Amino acid sequence: MNFIDIHTHSKTRLTGVTKVVNIFPWDNVGIDEGNDRIITAGIHPWFIDEVDIEAALQQIESWIKSGIVKGVGETGLDRIKGPKESDQESVFEEHIKMSEKYRCPLTVHCVRRDNEIIGIRKKMNAKQPWILHGFNSSLQMMEQMVNAGIHISLGPQLLKGDDKLKEVCRLVPPEYLFLETDDSNVAIEEIYRKVAGIRSITVDELKVITDNNFRSLGFIDNCPDRQ
Ligand SMILES: [Zn+2]
């Protein structure tokens, strides 16, 4: 059974690892497909001011229609970096509409705007699975996310030894848990070992959990509505 890296920017294939690789609409795709490498595309909130949003959204949509891209994101809200909040929100909402239209999972970037993420999911009545990548917030916020149907992905931040995040890691309901490497050089195996230790289970047991969750997202045979 493979490790699942639910959010990475590295396109390199690794034996024994299923990757969800996030690309940007201005990237060169040219990527061969395979069940061990799923491509998602989105406009990162940091770069909203630097690109032609309409053209970028069209690019994502055409990749979805052609089957190259099987999920939307990363996209989201960032209080620290990027343009003003209302601009970030409108671009985020465009991604949500696409995720709903094509029935694709959505990978969400969030820095200190957790409440808004939950509020927008509710406001838009979004039904597709969302993965809050690089979760780094409180236990209460994790619970609220899960209650809103949002998956929690934990990454290299966990290796820094923050006690609050460890507690989150211990208590994420198994069916909502994912692990990731994002843009780090950390091996996904290392994150698995850390999380398995915190949750007092084996790495193999953890692999079963994330494999089931990954299948439930429907990345592999998703986008049934694309024409
Ligand atoms: Zn990322």
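**Helix α2 against the sheet.** Helix α2 (residues 85–102) lies across strands β4 and β5 (106–111) and runs at about 155° to β4. Here helices (H or I, at least four residues) and strands (E, at least two) are DSSP runs, numbered from the N terminus; axes are lines fitted to C-alpha atoms, for helices over the stretch in contact, and angles run from 0 to 180 degrees between N-to-C directions. Two residues are taken to be in contact if their C-beta atoms, placed from the backbone, lie within 7 Å. The model is a predicted one, in which local features need pLDDT of at least 70 and side-chain atom pairs count only at pLDDT 80 or more, whereas totals for chains, interfaces and linings use all residues. Residues are numbered from 1 along each chain as its sequence is written.

**Packing of helices α1 and α2.** Helix α1 (residues 53–66) packs with α2 at an angle of about 20°, the two axes being 11 Å apart. The two helices are therefore roughly parallel to each other, a description that covers angles under 35 degrees, with those over 145 counted as roughly antiparallel, 65 to 115 as roughly perpendicular and the rest as oblique. On the α1 side the contact is made by Ile 53, Leu 57, Ile 60, Glu 61 and Ile 64, and on the α2 side by Val 91, Glu 94, Met 98 and Tyr 102. These residues of the contact of α1 with α2 divide into seven nonpolar, no polar and two charged, where Ala, Val, Leu, Ile, Met, Phe, Trp, Tyr, Cys and Pro count as nonpolar, Asp, Glu, Lys and Arg as charged, and the others, Gly among them, as polar.

**Crossing of helices α5 and α6.** The axes of α5 (residues 163–171) and α6 (residues 188–199) come within 8 Å and cross at roughly 80°, and the two helices are therefore roughly perpendicular to each other. Lys 166, Cys 169 and Arg 170 in α5 meet Val 195, Ile 198 and Arg 199 in α6. The residues of the contact of α5 with α6 comprise three nonpolar, no polar and three charged.

**The open sheet.** Eight strands, paired in parallel, form an open sheet in the order β1-β2-β3-β4-β5-β6-β7-β8, with two strands taken to pair if DSSP finds at least two bridges between them. Strands β1 (3–8) and β8 (177–179) stand at the edges, each with a single partner strand, so one side of each is left without a neighbour in the sheet. From one strand to the next, the twist averages 30°.

Strand β3 (residues 37–41) runs parallel to strand β4 (residues 71–78) and is joined to β4 by two bridges; Thr 40 has Gly 71 as its bridge partner in β4. A cis peptide bond, with omega of about 15°, joins Gly 73 and Glu 74, and Glu 74 is found in strand β4.

**The loop between β8 and α6.** Asp 182 has its place in this loop, between β8 and α6. The phi of Asp 182 is near 55°, a positive value in a residue other than glycine.
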